Amino acid sequence: MAHTDTDDLVGLLDADDQNLDIPLTLPMLPVRDVVVFTHMIIPLFVGRDKSVRAVDAAMSKDRFLFLATQKDGAVENPGTDEVYQHGTAARILRVLKLPDGRVKVLVQGLAKAKIVRYTRKSDLFRVRIELLNEEPLEALDMETEALMRNVRESCEKILGLRGELTPDVTMVLDGIDHPGRLADLVASNLNLKIDEAQTIFETIHPIARLKTVNGFVSREVELSAMQARIQSSVRDEISKSQKDYFLREQMRAINRELGEVDERALEIKEYQDKIRKAKMPKEALEEAQRQLKRLEQMHPEAGEAPTVRTYLDWLVEVPWKKSTKDTLDINVAKDILEEDHYGLEKVKDRILEYLAVRKLNPKMKGPILCFVGPPGVGKTSLGKSIARAMGRKFYRLSLGGIRDEAEIRGHRRTYIGALPGRIIQGLKHCKSNNPVFMMDEIDKIGADFRGDPSSALLEALDPEQNFAFSDHYLNVPFDLSSVMFITTANMTDTIPSALMDRMEVINISGYTENEKVTIAQQYLVPRQITENGLKPEDITISNNALMKMATEYTSESGLRNLEREIGTLCRKVSRKIAEGKKGPYQITASSMVKYLGLEKYLPEMDQDEPQIGLATGLAWTHVGGEALYIETTLMRGKGELVLTGQLGEVMQESARAALSYARANEESLGIDPDLFDNFDIHVHVPAGAIPKDGPSAGIAMTTALVSALTNRPVANDIAMTGEVTIRGRVLPIGGLREKSLGALRAGIKTIIIPEKNRKELSEVPPQVRRKIKFITVSHVNEVIEKALLPAVKKASAPKKKTPAKKKTPAKKTTKAEKPAGSEK
């Protein structure tokens with residue numbers, strides 16, 4: 001390994017020009033991080049084996065050595081193409097072997113040379129060189145003299161800015177009268193990159209070399225001047241801070257002598273008063289007093305002082321003991337809930353029960369409720385109504401997309417810009433320790449390398465733990481037991497089980513069309529009339545118009561899109577009135593197209609008539625219940641089962657179970673056994689771009705499959721939901737109420753459900769039970785009997801002359817006949 005130490009300017013000039021007989025074949029020593037100029041004396045530390053052998057070879061003869069710089073100093077064993085071709089023929093002045101095996105060599109650059117060829121490469125580098133002689137200068141012209149003077153003055157300026165200029169250095173610079181030697185001297189002492197120094201080295205003409213050096217020196221002058229200005233500015237800032245501190249201390253001393261108020265003492269007294277009024281618990285009080293003592297002993301301008309002040313501000317502003325008085329009049333609370341929301345009896349009963357128990361037991365802990373339902377059913381607005389009914393403050397926190405645990409628990413005070421978590425921030429905003437705290441979209445919390453927010457919520461949402469909730473920023477326990485937490489979700493599948501266990505789930509399924517019309521007349525229409533600047537007498541929307549809007553212009557469980565359509569109607573009427581056209585305007589079902597355009601939702605074309613291989617299932621999604629159409633077709637093949645429509649693993653297993661049941665019971669179902677060997681079965685669930693999964697499509701898949709295999713169409717007004725086993729048993733499902741509402745919106749007249757779900761029919765709205773017939777089944781044969789119509793007879797094609805097969809009496813098709821939906 002070759003390494004260099006810096007040398008001083010005087011040492012570089014110790015060697016005078018000598019007429020030495022330099023051999024043209026020399027051992028080569030690759031050096032790193034330095035370009036050795038002529039007349040330069042420099043120590044080198046040699047550690048690589050090849051380099052040590054090169055030094056030994058030079059010492060064994062005439063001490064001459066060729067020094068070439070590596071292109072990349074990080075390369076440990078450079079090759080011939082990784083070393084510059086131009087270098088310095090040097091002579092070893094002194095050698096010292098070190099205890100660690102390295103060799104310290106003092107060398108002197110003698111002449112420039114370039115490598116002609118390598119004569120040896122294996123154990124050491126030996127090269128054939130060609131000496132490069134500078135062009136002689138007869139006399140210096142004025143331009144060259146001016147250039148040399150400019151370089152000298154620039155060097156003196158640089159050294160002066162650094163505080164390194166001495167008379168000896170000035171004398172050395174003035175004593176050089178050759179431009180080439182001046183260029184080499186200055187270049188060897190500049191902080192140049194290797195490629196820049198090598199460029200100067202390879203410039204043979206002395207004047208051109210000096211001009212190149214002059215450019216680098218000018219740049220170095222600017223850099224040194226800027227560095228000096230920066231250092232001076234830093235010194236001035238430090239001096240100013242010390243001066244300001246001294247003056248402030250004098251001001252305090254003068255104020256004390258005059259008996260005037262000390263601002264710092266006043267600040268400490270204000271904090272003491274706020275801490276006393278905050279009525280903190282013992283642990284928080286001790287921490288506040290400790291931090292206040294630190295602030296009192298701290299310099300006012302210390303970097304940590306603002307952090308301590310911010311922490312004390314949070315401690316004194318958090319509502320430790322402040323709370324609002326609950327409205328415990330059950331009848332008043334009931335009237336408020338009825339005034340704000342239509343229906344939702346379960347939720348209203350639960351709130352009134354809580355208020356009743358609270359009235360009898362004032363120390364009761366707050367409940368943790370979770371409203372689960374599709375968008376637009378009023379989960380968030382219900383939280384506001386609950387707060388109004390109870391006389392409490394309301395705070396809403398959206399959890400959707402939160403991935404950082406610190407959003408819940410807060411940041412530790414060691415971080416810059418640290419703040420408490422969103423729970424403590426919400427309590428400070430409410431200025432009460434018992435608000436109705438709503439956490440929206442709890443089913444959409446994420447998790448990444450910054451932590452798991454759902455795990456942080458476990459403590460806050462557990463009545464047995466949240467009396468001592470620990471926020472990382474406050475670092476003292478806070479009692480959340482008086483807070484009424486309400487969370488909302490579209491579905492519970494993505495909520496961790498540990499978190500679900502801590503919440504009381506209340507399902508809010510959706511509304512029937514009649515309920516939507518009633519809610520629109522009582523709440524939505526008056527609100528949109530007011531928001532669009534109308535008066536009640538300007539516009540009238542009939543019930544039939546609202547019904548058409550709910551069924552043909554929207555398709556949802558909630559009311560969000562219905563309110564948008566009502567808003568569109570009101571805006572169009574507002575425009576007409578603003579243009580000077582007089583009202584009032586009567587909106588009827590027949591005039592709806594003029595305002596809202598063509599209907600957006602029409603009945604499914606596939607269900608205009610019974611079809612073979614097409615069954616209607618029911619799905620339960622995060623937006624409510626909806627119809628799910630399952631298509632099955634046969635095509636010639638080898639008996640493979642093809643599943644498309646982005647089906648999940650559960651639905652794929654349902655399809656395989658349906659096929660297994662059909663094959664195992666082919667005789668009782670009237671299925672030709674040859675079909676399974678000669679035809680492929682394709683099951684598709686539109687729409688293909690939407691992923692689907694769930695355990696309730698089993699009987700619908702079985703019905704569609706048996707329909708295609710037996711040429712029996714499926715009744716177009718029947719939908720079904722239930723899982724199936726390979727033995728034909730029908731298993732119970734969830735979300736019956738939501739699926740029933742979805743079937744009603746799709747125009748379904750009959751629903752087949754598992755027998756074990758019969759008890760849940762009481763939760764289905766009476767309007768739905770009146771319009772839809774529910775059939776309970778326990779075996780898939782009952783489904784097939786009620787859903788499939790008689791087989792469709794097709795004309796037979798002329799038979800080919802092939803050996804006749806023995807037919808069974810139960811067989812209803814000939815070999816020439818093809819099943820419905822099969823490939824011709």
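This briefing walks through the overall make-up of one protein chain and then a few of its helices.

Welcome! The model is predicted. Its protein chain holds 27 helices and 25 strands. Of the chain's 824 residues, 46% count as buried.

Two packed helices are described by the angle between their axes and the distance between the axes.

- Helix α21 covers residues 649-664 and helix α24 covers residues 698-710; they pack at an angle of about 45°, and their axes are 9 Å apart.
- With that angle, α21 and α24 are therefore oblique to each other.
- The crossing in which α21 passes α24 is right-handed.
- On the α21 side, the contact is made by Met651, Ser654, Ala655, Ala658, Leu659, Tyr661 and Ala662.
- On the α24 side, the contact is made by Gly698, Met701, Thr702, Leu705 and Leu709.
- Sorted by class, the contact of α21 with α24 has nine nonpolar residues, three polar ones and no charged ones.

**A closer look at Ser654**

- Ser654 is part of helix α21.
- Its relative accessibility is 2%, under the 20% cut-off, so Ser654 counts as buried.
- Setting aside neighbours within four places in sequence, Ser654 is in contact with Gly698, Met701 and Glu723.
- Gly698 and Met701 are among the α24 residues that make the contact with α21.

**Helices α17 and α18**

- Helix α17 (residues 513-531) packs with helix α18 (residues 543-552) at an angle of about 115°, and their axes lie 9 Å apart.
- The contact of α17 with α18 divides into six nonpolar, four polar and two charged residues.

**The buried face of helix α27**

- Helix α27 spans residues 780-787, and its buried residues are Val780, Val783, Ile784 and Ala787.
- Looking down the axis of α27, these buried residues fall within an arc of 95°, so they line one face of the helix.

How values were computed:
Residues are numbered from 1 along each chain as its sequence is written. This is a predicted model: local features need pLDDT of at least 70, side-chain atom pairs count only at pLDDT 80 or more; totals for chains, interfaces and linings use all residues. Side-chain values use heavy atoms; hydrogens and water are left out. Axes are lines fitted to C-alpha atoms, for helices over the stretch in contact, and angles run from 0 to 180 degrees between N-to-C directions. Helices (H or I, at least four residues) and strands (E, at least two) are DSSP runs, numbered from the N terminus. Angles under 35 degrees count as roughly parallel, over 145 as roughly antiparallel, 65 to 115 as roughly perpendicular and the rest as oblique. A crossing is left-handed if the near helix is turned anticlockwise from the far one by less than a right angle, and right-handed if clockwise. Contact means heavy atoms within 4.5 Å. Ala, Val, Leu, Ile, Met, Phe, Trp, Tyr, Cys and Pro count as nonpolar, Asp, Glu, Lys and Arg as charged, and the others, Gly among them, as polar. Buried means under 20% relative accessible area, exposed over 50%, partly exposed in between (1.4 Å probe, protein chains only). The arc is that of the directions from the helix axis to the C-beta atoms.
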